[in-house]
2 protein chains.
Amino acid sequence: MNGTGTAAEDRVFAALANATRREVLRLLRERGPQPVQALADHFDMRRPSLSEHLKVLREAGLVSEQRSGRQRIYRLEAAPLAEVQDWLHPYERFWREQLKGLGDLLDRLPDDDQR
Amino acid sequence: MNGTGTAAEDRVFAALANATRREVLRLLRERGPQPVQALADHFDMRRPSLSEHLKVLREAGLVSEQRSGRQRIYRLEAAPLAEVQDWLHPYERFWREQLKGLGDLLDRLPDDDQR
DNA sequence: ACAATAGGTAGGCGTTTACCTACCAGTCAA
DNA sequence: TTGACTGGTAGGTAAACGCCTACCTATTGT
């Protein structure tokens, strides 16, 4: 009944677990939709490898492609990231408590380190 | 100057890209700190495999262990999840726009599909 | 029609992942 | 001090990953 199975979540997190793919998302976010070539210029990697990264991103629903002549324009699709945020929500109170605890600790010891 | 390199981000996302590990985090969040055995009861998997999952979570900084007699009590450490949320932030305006666009579309076509 | 361009697919290769069984180390209780 | 119990490590295996080179298809410009 939910439509967003754990396999989909796996695919999204796995897609994000790679610096190249996160960088592709950043480029699409900062510079808008682009053809593969323009993306490829930013990476020290052969084009077929980037194509495979784009496939992973497509299958995670994080990008879409739109054909335009002989180019494929890739576009950021952020909806799966909204689901990541939803997934994070129940943890938020934990990191707020824990970061607060850390702040308090640092307040109480304005001194230096141990090693 | 940042201290949270891309390798750390890789480790966190990779740790989350597995349903067993996400379930461990959920158990620690909902039921509090627990020894390995109590966690293992929830999985259809040999204990050494779960140990390896716990190691991945530890190395991502998502859990900590505290020895107590012969048990190891695992505890949720949510700070890396706060960094995931920070990473998500710049994408938020995209999914808001896109989800809004989808809503509008559904409003304008109360009809059915194409294929 | 032909050459050039954009970009995907096939297949190979070394590394990593996720599981397993076997074994080891530390702690506790009799 | 020996035996049970908790949980990690070693080592093996099959599958997945990330990269490569080679090749294929589709489109475009001459």
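Colleague: How many residues does the contact take from chain A, and how many from chain B?
Modeller: This is a predicted model, in which local features need pLDDT of at least 70, side-chain atom pairs count only at pLDDT 80 or more, and totals for chains, interfaces and linings use all residues. Residues are numbered from 1 along each chain as its sequence is written, chains are lettered from A and ligands numbered from 1 in the order in which they are written, and side-chain values use heavy atoms, with hydrogens and water left out. Contact means heavy atoms within 4.5 Å. On that basis, chain A gives 30 residues and chain B gives 30 residues.

Colleague: What is the area buried between chain A and chain B?
Modeller: The size of an interface is often given as the accessible area lost when the parts come together. Buried area here is the accessible area, taken with a 1.4 Å probe, that two parts lose on being put together, summed over both. Carbon and sulfur atoms give 66% of it, and the area between chain A and chain B is about 2,900 Å².

Colleague: Which residues in chain A lose the most area to chain B?
Modeller: Three residues lead on this side of the interface, and together they make up 22% of what that side buries. They are A:R22, A:R29 and A:Y91.

Colleague: Does A:R22 count as buried or exposed?
Modeller: A:R22 has its place in helix α2 of chain A, where helices (H or I, at least four residues) and strands (E, at least two) are DSSP runs numbered from the N terminus. Leaving aside its neighbours within four places in sequence, A:R22 is in contact with residues of both chains, including A:L16, B:E9, B:D10, B:W87 and B:Y91. Buried means under 20% relative accessible area, exposed over 50%, and partly exposed in between, with a 1.4 Å probe and protein chains only. Because its relative accessibility is 5%, A:R22 counts as buried.

Colleague: What does A:E30 count as, given its relative accessibility?
Modeller: A:E30 is found in helix α2 (residues 19-31) of chain A, and its side chain is joined to that of A:R26 by a polar contact of 2.6 Å. A polar contact is a pair of N or O atoms within 3.5 Å; within protein, one must be able to donate a hydrogen and the other to accept it, and residues adjacent in sequence count only if both atoms are side-chain atoms. Because its relative accessibility is 49%, A:E30 counts as partly exposed.

Colleague: For how much of the atoms of DNA strand C that come within 4 Å of the protein do sugar and phosphate account?
Modeller: A residue is near a molecule or strand if one of its heavy atoms lies within 4 Å of it. Of the 22 residues around DNA strand C, A:Q37, A:R47, A:S51, B:S49 and B:H53 come nearest. Among the atoms of DNA strand C within 4 Å of the protein, the part that sugar and phosphate account for is 58%.

Colleague: For how much of the atoms of DNA strand D that come within 4 Å of the protein do sugar and phosphate account?
Modeller: DNA strand D is surrounded by 22 residues, the closest being A:R46, A:S49, A:H53, B:Q37 and B:S51. Of the atoms of DNA strand D within 4 Å of the protein, the part made up by sugar and phosphate is 61%.

Colleague: Which strands of chain B stand at the edges?
Modeller: Two strands pair if DSSP finds at least two bridges between them. In chain B, β1 (residues 34-35) pairs with β3 (residues 71-76) over 2 bridges, and β2 (residues 63-68) pairs with β3 over 6 bridges. The open sheet of 3 strands therefore has the order β1-β3-β2, with antiparallel pairing. Each edge strand has a single partner, so one side of each is left without a neighbour in the sheet, and these strands are β1 and β2.

Colleague: What is the positive phi of A:G69?
Modeller: In chain A, 6 bridges join β2 (residues 63-68) to β3, and the two run antiparallel, with A:S64 opposite A:R75. These strands form a hairpin with 2 residues between them, and in its turn the phi of A:G69 is about 60°.
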